[in-house]
Amino acid sequence: AEKCETKTMIGYNRRYYSIFHKGIELINKNGGLLGLAVEGHERFWNIVGRDIPSTIRENWIYANSTHTIDLLRFFGGEIKSISSLSNSLKETNGDQFVASMKFESGALGTYSSHWYSPGGWSIRLFGEGVTVEFKPLENGRWIDTEFQVHEILADKEDINFKPGFFKQIESFGRLVRGETLAWPAQDLREAQKTMELTRKISGW
């Protein structure tokens, strides 16, 4: 793509969730990110009965789980060090993954994914005196030191359309009109970092 001067943009629409950006603002107002926990449990018992080619099923952590793995980099930035473990209940290349990491910012992070255990996708951001939660990812709330829970409201674009898609298309439109691709968007080279992180988590 670079050789042919081809513009690229990877469609990780969750990077555009308005509640995610509001959660980041809350954390930054309270001393910055201290910790991050991402749970990326896959509903793999539903996958088994579907007509999915074996090559995709065997590489499911790349085919689908990168949506949550990418959010580690979205919220935490680049990773300085990582340690991971994996097990296999049924899948050849693993279906249970746990990783702990330290980001270049100094924040600590964890990732866990158990494909045959109901749980869904969720994220927690830890700041000084504030915890932000997204569970499921489309619902946000934050908790203060009095343990009061406050809802994080989505922008109208994420209510009227599939969350993240409106802002993502706006970003792509700016790209094709000649503007420089800007965060939270990623081109192929940036998204490759998520694939490398996935390799470190999966061990293959």
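1. Contact here means heavy atoms within 4.5 Å. The model is predicted: local features need pLDDT of at least 70, side-chain atom pairs count only at pLDDT 80 or more, and totals for chains, interfaces and linings use all residues. Residues are numbered from 1 along each chain as its sequence is written, and side-chain values use heavy atoms, with hydrogens and water left out.

2. Val 149 lies in strand β8 (residues 149-152); strands (E, at least two residues) and helices (H or I, at least four) are DSSP runs, numbered from the N terminus. Beyond its neighbours within four places in sequence, Val 149 contacts Arg 141, Trp 142 and Ile 143. Its relative accessibility is 46%, so Val 149 counts as partly exposed (buried is under 20% relative accessible area, exposed over 50%, partly exposed in between; 1.4 Å probe, protein chains only).

3. Helices α5 (residues 66-76) and α8 (residues 188-202) pack at about 105°, axes 9 Å apart. Axes are lines fitted to C-alpha atoms, for helices over the stretch in contact, and angles run from 0 to 180 degrees between N-to-C directions. The pair is therefore roughly perpendicular (65 to 115 degrees; under 35 is roughly parallel, over 145 roughly antiparallel, the rest oblique).

4. Strand β4 (residues 108-114) has two partners to check. With β1 (residues 35-40) the pairing is parallel, over five bridges; Val 38 stands opposite Tyr 111 in β4. With β3 (residues 96-103) the pairing is antiparallel, over seven bridges. Pairing requires at least two DSSP bridges between the strands.

5. β3 and β4 form a hairpin with four residues between them. Gly 106 in the turn has a positive phi of about 105°.
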